[in-house]
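Please look over the sequence and the 3D structure below. The briefing that follows groups its points by topic.

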Amino acid sequence: DHGSIVGLAAAGNSALGDADGTRDVHGDGVYVAVNGQYRPTIPLTENEWSRFRIVNAGVAHFVLLHVDNQDRCSMHLLAMDGVYMHDGKHKIVLDVVLPPGARADVAIKCNAVGDYVLASGAGGDADRQAAFDANLGNHYLYDGVVAHLKAVAPDDTMPATNPYKVFADGDGGPLRRGDAVVGGGGSEQLPATLPPLPAFMADLRTATPDHADFIINYNSATMSINGQRFDGLGGDGGGTPLATIAKNTVNEWRLRSPTDSRQHPHHHHAYHFQVVGTSRDGGFGADPLNAWSIEQGMWRDTVPVSNDVQWTVRVRTSRFAGAIVAHCHNVVHGDLGMMGFVNVTGADDDVASYGGNDEALSAAQRADQCSLLNWGPTNLNIVPRAGADAPSGGGGGGTGTG
């Protein structure tokens with residue numbers, strides 16, 4: 001535990017750009033602060049699952065998250081961008097891609113007492129490096145330690161846990177990334193089925209869109225969306241909407257950046273969108289979770305876009321009206337004008353009359369949901385920062401365009 005970044009700065013010994021693993025390929029000093037700490041140590045209990053809610057709160061750097069010793073540690077993906085997996089099944093993953101602004105809920109278990117590393121980047125794994133280079137190589141990536149994990153033995157007051165076992169897929173073969181886990185083999189401590197999604201997130205893949213011709217096109221040369229730089233949010237603030245759509249409609253959007261090889265993390269407010277298609281050769285491929293940690297049918301609000309891949313997504317404007325902000329979550333790009341809004345006509349619903357997720361759940365399902373939601377998550381706020389010295393507060397992030 002190296003203490004808080006504020007403490008390091010005050011002590012005058014915070015030249016992290018010269019420390020091991022904190023300078024990127026461009027020569028910029030880059031490190032990660034986790035809840036305000038540099039490479040903190042997080043305790044785990046041997047053979048027990050710990051849930052982490054993780055946000056990449058950096059300015060420009062992607063995070064390719066993994067645990068270093070995958071022979072002894074397993075990681076399950078529960079949710080992305082705050083929404084549980086659409087098919088109700090948590091997935092075993094080797095790594096998770098987090099563009100700036102993206103979030104992930106993961107469960108991690110290590111089967112032996114010892115020290116492990118939660119890291120970002122290839123981590124010396126040739127297959128991971130090859131996949132990254134092929135799909136996400138031309139943008140800023142934090143490559144280094146995020147946090148240390150220390151697995152300790154349970155004390156005598158803790159209940160016994162199931163012994164760790166290696167999962168097999170349905171055919172009895174070795175575990176593959178994206179395999180669904182529905183119980184057995186040491187997974188009993190995880191719910192077999194994740195809570196169902198609320199009614200307003202009904203599957204849109206077979207729906208007929210009310211509007212299917214909207215394109216969001218990012219361009220770094222002009223720092224614009226659809227050739228338009230941000231000029232206000234409408235109403236008293238002025239501004240020109242990227243599009244005007246009606247409330248209570250299904251809208252199909254194409255997210256693209258045909259001229260830019262570097263990724264733009266597309267993000268928009270108020271509504272999640274469902275990913276229904278991709279331009280990538282081979283589509284989503286045999287692995288349900290592709291190289292971007294994106295699965296067809298998944299609900300997201302932040303996805304990477306470049307000339308190498310575009311996404312087709314569907315949005316149901318079910319509850320909120322007015323200006324819905326859309327922008328590149330590389331904050332430098334947003335500040336330079338790569339931001340806009342979609343105008344949703346109509347009036348907001350009365351939120352006080354809305355029953356929330358409970359409208360979709362039985363009593364038994366609500367009990368399961370509470371057991372999962374209240375299952376001691378550790379919130380990790382990952383903030384990649386740039387510069388040779390640790391800042392005394394605020395800001396930070398990658399440099400350059402991307």
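The side chains of R51 and D105 form a salt bridge, with 2.5 Å from N to O; a salt bridge here is a side-chain nitrogen of Lys or Arg within 4 Å of a carboxyl oxygen of Asp or Glu. R51 belongs to strand β4 (residues 50-56) and D105 to strand β10 (residues 103-110), so the pair ties together parts that are 54 residues apart in sequence. Helices (H or I, at least four residues) and strands (E, at least two) are DSSP runs, numbered from the N terminus. This is a predicted model, in which local features need pLDDT of at least 70 and side-chain atom pairs count only at pLDDT 80 or more, while totals for chains, interfaces and linings use all residues. Residues are numbered from 1 along each chain as its sequence is written, and side-chain values use heavy atoms, with hydrogens and water left out.

**Salt bridges**

- Both R51 and D105 are buried, where buried means under 20% relative accessible area, exposed means over 50%, and partly exposed lies in between (1.4 Å probe, protein chains only).
- How many salt bridges does a search of the whole structure find? The search finds ten.
- Another salt bridge joins the side chains of K91 and D87, at 3.0 Å from N to O.
- K91 is buried, with 3% relative accessibility, whereas D87 is partly exposed at 34%.

- D301 sits in the loop between β20 (299-300) and β21 (302-305).
- Is D301 buried or exposed? D301 is buried, with a relative accessible area of 7%.
- The side chains of D301 and R103 meet in a salt bridge of 2.8 Å, N to O.
- This pair links distant parts of the chain, since D301 is in the loop between β20 and β21 while R103 is in strand β10, 198 residues apart.
- R103 counts as partly exposed, at 23% relative accessibility.
- A network of salt bridges links D81, R103, R300 and D301.
- Leaving out residues up to four places away in sequence, D301 has contacts (heavy atoms within 4.5 Å) with several residues, among them D81, H266, H267 and H268.

**Strand β11 and its partners**

- Six of the seven residues of strand β11 (residues 114-120) are buried, so the strand is largely enclosed by the rest of the structure.
- Strand β5 (residues 62-67) pairs with β11 in the antiparallel sense over three bridges; two strands pair if DSSP finds at least two bridges between them.
- In this pairing, H66 stands opposite A119 of β11.
- β11 is also joined to strand β13 (residues 144-152) by seven bridges, and these two strands run antiparallel.
- G114 stands opposite A151, which is in β13.

**H211**

- H211 is part of strand β14 (residues 211-219) and is partly exposed, at 35% relative accessibility.
- H211 and N251 are 40 residues apart in sequence, yet their C-alpha atoms are 4.9 Å apart in space.
- H211 touches I245, T249, V250, N251 and E252, not counting residues up to four places away in sequence.

**Positive phi values**

- R39 is a residue other than glycine with a positive phi, near 50 degrees.
- R39 lies in the loop between β2 (37-38) and β3 (41-45) and is buried at 13% relative accessibility.
- N226, also a residue other than glycine, has a positive phi near 55 degrees.
- N226 lies in the loop between β15 (224-225) and β16 (243-246) and is partly exposed at 33% relative accessibility.
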